[in-house]
Amino acid sequence: MTGWTTLDTWADTDVPSHSDLNAQMRDNLLHLRETLDWPYGFPACGEPAGRSATVDLWRANACIYERFRGSGTITALGIHVLTSSGNIGVAIYADNAEDGDAAAPAARLATSGAVACPAAGFASVSVASTAITSGQHWAALSVDNLTANFSGSAMNTSGIGPTIVHRGVAGIGEGAHPPPATGNVGFSTAPHISIVGVA
Amino acid sequence: MTWTAPRAYPVALLVDADDLNTYWRDNFNHLRATLSAPAIPCTYTLDNWGGNTQTLAATTCYYGRVRGGGTVDSVAFHVTTSAGDVSVAVYDNTGAARSARPNSRQQTSGAVACPAAGAADVALGGSVAVTPGDHWLAISASSTPVLAGGSENPAASNLGAGLAYRETAHPAPASASATPTAIINQPLLIGA
């Protein structure tokens, strides 16, 4: 919350009008809302510091979509490669603006296209600079093979599989490498690959 | 950040613009601490824990940035295998976003015998109010106890920058390192 006073503050001599008061309360409450769930000041998917299983993409030439928590302008997506193989692609999508579990990735805003899978270890894969808003953008990672795997959630160590419990949070589309122009979630998935937004 | 306590307006107080700003800031921050998800100060969401365990490295201090808010006077964790001494501590934060890291120790237990296997709750030297994102919980060990937490994959990674770190230290130092190692494999700590 260290930044909220930079959003809207009153100077000592200000006399807030009704509209100013409304706007400033709105902006500060919106910032408060964002920090309630993910208080770290940068966008990320999948609780990267707490869960550390080996996760592949369940199918070759598939794309996993994960909804961002947290906001900020980013120029790359950070992943931790455990086994490097073949090609990957990363992308950022706008949300379809639907509520609840109908939320899904829509238009692709930035992508790396298909690139060689980075060597094992932490890797930042560049995309065009994009402003991320919590809950309104999605990260995506596509892989052309099942040998490559990544650090992710501990819920399924044999690969990401279909489930209905994470609609509106994370999903997979098949036949989607590199990440397509429009998000196409075939089924939702509980296990995540950890992805952070890198400024 | 020392302004998380809620403020009340005294009767007959004439509130000018910057007072209004300060009062709302403090009350909003208190609201944030009490409404945060999860609503308790832990280093990651409890219901995300997948049943893994983590063997702590000897003479190493682990830091996790808190997600929830509240006033804590102890740090809870789950011991699978007890060994040597541990210390727990709360730190304030310095830096922002992925450059955030623990700064100055606010409270600590000092070195105490590692609790027996099972749920453990180690008292701090006093209570401290923690705010989501603005504080860190820490545990250090003299030996290699096994705790509930992340496991399996390499601990050191910039994937955890701004979220979790470790450094060579035991007990928890008065000032955390300015260059700790970012990790993705941390013990589960809960402010209690």
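In which loop of chain A is Asn145(A) found? Select Asn145(A), and you will see that it sits in the loop between β9 and β10 (149-152) of chain A, where strands (E, at least two residues) and helices (H or I, at least four) are DSSP runs numbered from the N terminus. Before going further, note that this is a predicted model, in which local features need pLDDT of at least 70 and side-chain atom pairs count only at pLDDT 80 or more, while totals for chains, interfaces and linings use all residues. Residues are numbered from 1 along each chain as its sequence is written, chains are lettered from A and ligands numbered from 1 in the order in which they are written, and side-chain values use heavy atoms, with hydrogens and water left out.

**Stop one: around Asn145(A)**

Stay with Asn145(A), which counts as buried at 11% relative accessibility; buried means under 20% relative accessible area, exposed means over 50%, and partly exposed lies in between, with a 1.4 Å probe and protein chains only. Now show the side chain of Asp144(A), which makes a polar contact of 2.7 Å with the side chain of Asn145(A). A polar contact is a pair of N or O atoms within 3.5 Å; within protein, one must be able to donate a hydrogen and the other to accept it, and residues adjacent in sequence count only if both atoms are side-chain atoms. Select Thr147(A) as well, for its backbone nitrogen lies 2.8 Å from a polar atom of the Asn145(A) side chain.

Leaving aside neighbours within four places in sequence, Asn145(A) is in contact (heavy atoms within 4.5 Å) with Ala60(A), Asn61(A), Ser85(A), Gly86(A) and Asn87(A). One of these, Asn61(A), is the next selection: it lies in the loop between β2 (53-55) and β3 (62-67) of chain A, and its phi is positive, about 55°, although it is not a glycine. Asn61(A) is partly exposed, with a relative accessible area of 33%.

Zoom out to chain A, which has two helices and 13 strands, and of whose 199 residues 52% count as buried. Among the contacts in chain A with a separation of 6 or more, 80% are between residues 24 or more positions apart.

Which residues have the most contacts inside the largest nonpolar core? Select Leu77(A), Ile88(A), Leu141(A), Phe150(A), Ile193(A) and Ile195(A), which hold that place in a core of 28 residues. A nonpolar core is a set of buried Ala, Val, Leu, Ile, Met, Phe, Trp, Tyr and Cys residues joined through side-chain atoms within 4.5 Å. The elements giving two or more residues to this core include β4 (72-83), β5 (87-95) and β8 (121-132) of chain A, and β4(A) supplies the largest share, four residues. A second, separate core of 24 residues includes Val72(B), Cys114(B), Leu137(B) and Ala141(B).

**Stop three: Val196(A)**

Next, select Val196(A), which lies in strand β13 (residues 195-198) of chain A and counts as buried at 0% relative accessibility. Its contacts, again leaving aside neighbours within four places in sequence, include Phe42(A), Leu77(A) and Phe122(A), and also Arg98(B) and Leu159(B). If you draw a distance to Ser124(A), which is 72 residues away along the chain, the two C-alpha atoms are separated by 9.0 Å.

**Stop four: a hairpin in chain B**

Move to β4(B) and β5(B), which run antiparallel and are joined by five bridges; two strands pair if DSSP finds at least two bridges between them. Ala89(B) stands opposite Thr108(B) in β5(B). In this hairpin, which has six residues between the strands, Gly95(B) takes a positive phi near 85°. Ala97(B), in the loop between β4 (85-94) and β5 (101-108) of chain B, has a positive phi of about 50° although it is not a glycine, and at 22% relative accessibility it counts as partly exposed.

**Last stop: two cis peptide bonds**

Finally, select His177(A) and Pro178(A), which are joined by a cis peptide bond with omega about -5°; Pro178(A) is found in the loop between β11 (170-174) and β12 (187-188) of chain A. In chain B, the peptide bond from His170(B) to Pro171(B) is cis, with omega near -5°, and Pro171(B) is found in the loop between β10 (164-168) and β11 (181-182).
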